[in-house]
Amino acid sequence: MEGCGDKYGVPTVIRSSDEGKSWSEAVELSEFKGRIYDAFYHDGNIYVLQFCGERFFADEDKDYYRIFKSEDNGKSFYELSKVGFESMRCKAYGNMILTSDEKIIVYAYNDNDEFNMDCVISEDM
């Protein structure tokens, strides 16, 4: 496991079951290097948006955003989906929104169009 604070290492998760008085050992969230940009809790599940890449801007050929899900309060995560942006070129940052009709909208910054965020919508949580 990579060192704590490696901004492009494999993300880790720690848990507390006593309101933060003690913490579990770190476990890897996924097998991919990258950064966590957003997470939310809904109906007993945790959803996490990870940018899977090793630099600030995406490389068209190998970098992706992925959504991971935990159904056991963060003890384990599995890949729910690979986010289907038409192009990954010049993407950075990212966030998710859960709509009232349970669609997930994922937004990402596009360096080529700073005034308009690129987004995709998933209707099958």
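Modeller: Start at Lys103, which is partly exposed at 26% relative accessibility. Partly exposed sits between buried, under 20% relative accessible area, and exposed, over 50% (1.4 Å probe, protein chains only). This is a predicted model: local features need pLDDT of at least 70, side-chain atom pairs count only at pLDDT 80 or more, and totals for chains, interfaces and linings use all residues. Residues are numbered from 1 along each chain as its sequence is written, and side-chain values use heavy atoms, with hydrogens and water left out.

Biologist: Which residue forms a salt bridge with Lys103 at 4.0 Å?

Modeller: Glu123, taking the closest N and O atoms. A salt bridge here is a side-chain nitrogen of Lys or Arg within 4 Å of a carboxyl oxygen of Asp or Glu. Lys103 is in the loop between strand S7 (91-98) and S8, while Glu123 is in the segment after strand S9 (118-122), so the pair ties together parts 20 residues apart in sequence. Strands are DSSP runs of E, at least two residues, numbered from the N terminus.

Biologist: And is Glu123 buried or exposed?

Modeller: Exposed, at 61% relative accessibility. Salt bridges with shared partners join Asp101, Lys103 and Glu123 into one network. The Asp101 to Lys103 bridge is 3.5 Å, N to O. Asp101 is partly exposed, at 48%.

Biologist: Is Arg66 buried or exposed?

Modeller: Buried, with a relative accessible area of 10%. Glu79 is partly exposed at 35%.

Biologist: Switching topic. Which residues touch the most other members in the largest nonpolar core?

Modeller: Tyr65, Ile67, Val83, Phe85, Met96 and Val106, out of 16 residues. A nonpolar core is a set of buried Ala, Val, Leu, Ile, Met, Phe, Trp, Tyr and Cys residues joined through side-chain atoms within 4.5 Å. S3, strand S4 (45-52), strand S5 (64-70) and strand S8 (104-110) each supply at least two of its residues. Apart from it lies another core of 5 residues, including Leu29 and Phe77.

Biologist: What is Val83 in contact with, beyond four places in sequence?

Modeller: Leu49, Tyr65, Arg66, Ile67, Val106 and Val120. Contact means heavy atoms within 4.5 Å.

Biologist: Last one. Where is Tyr41 found?

Modeller: In strand S3 (residues 35-42). Tyr41 is exposed, at 55%. Leaving aside neighbours within four places in sequence, Tyr41 contacts Ile46 and Asn73.

How values were computed:
Helices (H or I, at least four residues) and strands (E, at least two) are DSSP runs, numbered from the N terminus.
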